[in-house]
Each structure stands twice: as structure tokens, then as C-alpha cells.
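Here are my notes for your first look at this one. Have the model open while you read.

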Amino acid sequence: ELSLANVQGDILVGFSKKVELFYFFQIDNADAFRAQLTNLVPLISPADKTIGEKAEIRKKKEEHRQNVDVGYGTVIKPVHFPVVGVNIAFSATGLQKLQFIDNPKLNDVIFDNGMKQDAKELGDNNANPGADFKPDWDPAFLQDIHGVVLIAGDSFDTTSKKLADVKASLSTNSVSSIIEVATLAGDVRPGENSGHEHFGYLDGISQPAIDGVDEKILPGQAKINQGVVLLGRKGDTGNSPPWALDGSILAFRKLPQKVPEFEKFLLESAKSSNIDIPDGANGADILGARLVGRWKSGAPVRLAPLADDPELGKDEQRNNKFKFSSNSQRSCPFAAHVRKMNPRGDLDAEIINERLILRRGIPFGPEVTSEEKITNKTQNERGLYFVSYQSNLANGFSFLQKSWANNEKFPVEKPFLSGFDPIIGQKVDQSPPREMIGANGDNVSSPMKLEAQWVNSKGGEYFFSPSIPTLKNVIAK
Ligand code: N7H
């Protein structure tokens with residue numbers, strides 16, 4: 001039977017996070033690292049602790065809300081209660097380096113080869129156009145990365161203090177067993193944009209519920225076997241070794257987003273395709289909603305095809321309760337991001353449910369400046385640090401990116417190709433530009449050129465997030 005005390009907290013529960021640090025490292029001295037890991041293990045947050053902390057924060061926030069005077073005009077200032085969670089995960093090269101066993105392979109070919117090997121098939125840009133493929137990644141991700149420590153919490157202050165504790169636990173007499181490759185910091189957007197990614201859409205709505213873990217199931221929410229996320233559990237179709245039990249594969253991607261360019265495209269394409277609606281929302285808003293499959297408020301276009309419905313967007317009893325009507329893209333294009341990623345109604349639930357992932361990403365980078373708005377040109381890098389957990393990359397992240405997002409034939413190829421996922425669909429060779437159909441609700445069979453990609457991966461890695469018993473009793477010594 002699964003014990004939540006054995007699983008790292010970000011996997012099944014998700015840290016509560018305003019800020020998250022990703023500390024990528026190489027292991028310099030494996031023996032010293034494995035000895036020091038004993039000091040680090042008590043800092044790692046298991047899922048049961050993460051559940052308790054989240055409940056505590058909810059309670060404190062409710063108390064705070066009741067304590068302030070809520071007369072007319074009173075603004076309840078958001079409060080941060082200190083909370084911090086730490087998890088650790090290792091890449092395939094990291095597991096090799098640790099040598100806790102002769103051949104530490106997960107038998108997940110995509111994981112064992114690492115993300116760099118997968119980059120071309122994922123459709124990442126080529127840094128040498130016309131010549132041998134080399135992913136156009138940040139230098140940090142072109143190096144070997146052995147592991148990552150994830151530190152998520154209420155503030156930059158709390159998380160950076162915790163990072164100092166983590167580093168101290170991995171050094172003896174000021175000699176560290178690891179070398180920093182890079183530390184990346186993500187943070188939730190400010191004010192009313194909190195919870196929205198940088199294009200402006202509410203994120204974190206649709207997540208699968210896990211059998212035997214999540215008690216509450218929301219309307220429309222899929223329920224998946226534990227083994228879709230955890231290795232060695234029911235529904236895991238792989239062939240992993242015993243030490244992998246209750247671990248999960250973490251896919252990390254740095255995904256910068258070209259926000260002003262995306263907005264310019266929406267405005268111009270809505271105009272040139274005569275996309276407009278009489279009441280309220282403008283053509284750019286509806287075009288954007290059709291590309292994502294949800295309005296900025298989170299309301300699904302399947303249920304609100306003509307205008308945003310903010311009440312629907314924030315109502316968790318209704319905002320995920322829908323299925324697409326197969327054969328029709330009148331209310332939502334086949335290629336819309338959420339339809340590509342979860343084609344409920346288009347495919348059988350059994351096929352989809354093995355391919356659902358737990359998404360645990362966080363935005364990074366500053367808000368769009370007025371100059372960027374005026375010039376329609378990105379000057380400051382911003383986007384998403386994408387994190388997903390799955391037991392198997394040939395079903396999870398890697399599959400979704402290659403076989404669904406980048407596949408013009410998915411979910412339908414007749415009588416028209418669906419086209420690329422306009423948000424994340426990638427193509428190594430960017431000309432001719434990507435296309436999709438269904439963007440214009442009044443003329444769903446006409447193709448739309450998507451021009452440049454607005455999301456271009458700058459790197460990442462696959463990591464294995466072991467169970468606490470494996471960290472403590474197998475890897476640490
Ligand atoms: Fe996506 N976006 O803002 O447009 N995503 N995503 N994603 N995504 C979702 O339901 C976005 C990315 C999935 O069950 C929403 O929580 C952006 C990758 C899946 O209905 C929005 C980026 C992959 C779902 C976005 C990005 C996925 C999902 C709706 C990159 C996997 C759930 C909010 C910068 C390969 C689908 C929600 C379902 C939802 C956006 C990346 C997958 C708004 C901007 C790389 C499975």
C-alpha cells in the first residue's frame with residue numbers, strides 16, 4: 001500500500017509556491033555526496049508533510065480574512081505565511097555518477113538517454129541551421145547536469161535561506177561534494193495576474209486526480225492509476241528496478257514566451273481574418289481563447305464559445321466539466337492547446353488517462369514593460385519553467401510534445417489536418433511556418449498561418465525523483 005510519507009511532496013501534492021528555486025548541480029565526489037545525503041534527507045519534504053502544510057496555510061489565511069474588517073472598501077491585503085518545501089531529483093548521468101548500484105537504469109529509454117538526445121525529436125530549435133543538429137539551448141543545459149534541488153515557498157527570502165541550508169548539508173568542513181551549474185528562480189506573477197501564466201491565461205486548472213490519494217474529485221476531473229505517475233505502482237507500464245518504486249520522472253523545460261509578439265499576432269490575425277464578435281470581447285481575445293481552448297479567466301471555450309465568462313472561469317465545480325464533441329471544432333479547434341493535451345471526447349478515456357501528467361510549473365521573468373508593448377518586441381526574457389511528473393516519458397511529457405502537440409494529424413487528419421498546437425507545437429525547421437485549422441469559428445476549415453513560434457525551448461533535463469526510502473536507504477550511505 002502506498003504511503004504518502006514515502007513520496008516526495010511536489011509529485012503527488014504540489015508545493016504551495018510564490019517563488020521556486022531550481023538548483024542544478026553536478027556531483028563532484030560521489031562518495032562524499034552519498035555520505036552527506038544523510039544530512040539532506042531530513043530537509044526533504046514528503047507528501048504527507050506537504051499536505052499538512054497546505055492545510056495549515058489555508059487555515060491561517062481564512063483566520064486572517066476573518067480578523068480584518070471587511071466593511072465596504074476594505075481591501076484584504078494578501079499575506080504570506082512562511083512555508084517552504086524541498087525535493088531532490090537526479091538525471092540519468094547523475095544516477096550513473098552515484099554508482100549506488102552497478103547499472104542504475106530506469107529502463108525508460110528516453111529518460112536513460114537524457115533530454116539532450118531527445119531535443120531534436122521534441123522539435124527544439126537548431127542552433128546550427130542547415131548543419132548537424134545542436135539544440136539552441138542555454139549553455140547551462142548543454143552541460144551535464146546530475147541533479148536538481150527544488151525549493152518552493154512563500155518568498156525569495158525563505159527559499160534562498162533554505163537553499164543555503166541545503167548547500168551546507170552537502171558540504172563538510174566547507175568542502176562541497178557538488179558544483180553548481182545554475183540556479184533558476186521562478187515566481188508567480190504579481191497582483192491579479194497571480195495564477196496566470198505570462199500570455200495571461202489562468203493555469204493550474206485541470207490536473208488528474210490520483211486513485212487512492214486524492215479524496216475529492218471535481219466535476220470533469222479524470223481519475224488515474226497511481227502508476228501513471230509513480231513507478232512500480234498499478235498502471236505503470238514500464239519495467240523499472242525495485243529501487244525506483246514510488247519515484248517519479250520529472251521533466252523540466254525552460255520555455256521562454258514571446259508575449260508582445262503573441263499579442264501582436266492575435267490583433268493582426270483577428271483583423272485580417274475578420275474575427276470579431278458583436279458584444280464585448282474583441283477579436284484578439286476570442287482568437288487567443290480559441291488557440292488555448294480557454295479564456296484568460298480559465299473559462300473553457302467549449303462551454304463559453306463566444307465571450308469570456310469569469311464566473312465560470314473561477315468556479316472549480318464547472319470550469320473543467322466538459323468534453324469536446326468529436327468531429328466538431330465549432331466551439332473549440334482540434335489544435336487548441338488544451339484539446340491537444342487532453343482530447344477528452346475525441347479519444348477513449350483509457351487512452352487519454354495513461355497519458356495525463358501532473359503539471360507543477362511556475363512562471364519566470366518580469367511583467368511586460370510599456371516599451372515592450374509599444375514596440376511589440378520582447379526585451380526581457382520571461383516564460384514558464386515547465387515541470388511535469390509521469391512514470392513513463394513515452395506516455396507523458398515527451399509523447400505529448402512529439403505525438404500530439406507537434407503532430408499536425410492529431411487529433412484528426414480528415415478531411416483536414418488539425419495542425420500544430422499553436423501554443424507549444426514545435427518544428428525544428430521553422431520555415432514554412434506552422435499552421436492550424438479551426439482558429440476562426442466562422443470558417444473552421446480555413447487554415448491559419450501561425451508565423452513564428454511564441455514558445456521556444458531553451459533547454460531542460462529529465463530527472464528521477466526517488467522515494468524517500470530509496471534516498472535514505474539505497475542512495476545515501
Ligand atoms: Fe499547457 N497556456 O498558457 O497557454 N496549458 N502550457 N503545457 N497544458 C494549460 O487547465 C501553457 C505545456 C498541458 O487537462 C492551460 O490548468 C503555456 C507543455 C496539459 O485540459 C494553459 C505553456 C505541456 C494541460 C496552458 C504550456 C503542457 C495544459 C489551461 C508553455 C506538455 C491540461 C489551464 C509556455 C507537453 C489539459 C489548466 C487539460 C493546460 C498554457 C506548456 C500540457 C492556459 C503558456 C510543454 C496536459
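1. Helix 9 and helix 10 sit roughly perpendicular to each other (the class for angles of 65 to 115 degrees). Their axes, lines fitted to C-alpha atoms over the stretch in contact, cross at roughly 105° and come within 8 Å.

2. On the helix 9 side, the contact (C-beta atoms, placed from the backbone, within 7 Å) uses Leu 266, Leu 267, Ser 269, Ala 270 and Lys 271. Helix 10 brings Gly 283, Ala 284, Leu 287 and Gly 288. By class, that gives five nonpolar, three polar and one charged; Gly counts as polar, Ala and Leu as nonpolar, Lys as charged.

3. This is a predicted model, with local features needing pLDDT of at least 70 and side-chain atom pairs pLDDT 80 or more, while totals for chains, interfaces and linings use all residues. Numbering starts from 1 along each chain as its sequence is written.

4. Helix 10 is largely enclosed by the rest of the structure, because eight of its 10 residues are buried (20 or more other C-beta atoms within 10 Å of their own). Among them are Asp 285 and Arg 290. The cover over the buried residues includes helix 9 and helix 12. Gly 293 follows helix 10, with a positive phi near 100°.

5. Now the ligand: which residues come nearest? Tyr 201, Ile 205, Ser 206, Met 341 and Asn 342 do, out of 28 around it (C-beta within 6 Å). Helix 15 gives the largest share of this shell, four residues.

Methods: Axes are lines fitted to C-alpha atoms, for helices over the stretch in contact, and angles run from 0 to 180 degrees between N-to-C directions. Helices (H or I, at least four residues) and strands (E, at least two) are DSSP runs, numbered from the N terminus. Angles under 35 degrees count as roughly parallel, over 145 as roughly antiparallel, 65 to 115 as roughly perpendicular and the rest as oblique. Two residues are in contact if their C-beta atoms, placed from the backbone, lie within 7 Å. A residue is buried if 20 or more other C-beta atoms lie within 10 Å of its own, exposed if 12 or fewer, and partly exposed in between; C-beta atoms are placed from the backbone.
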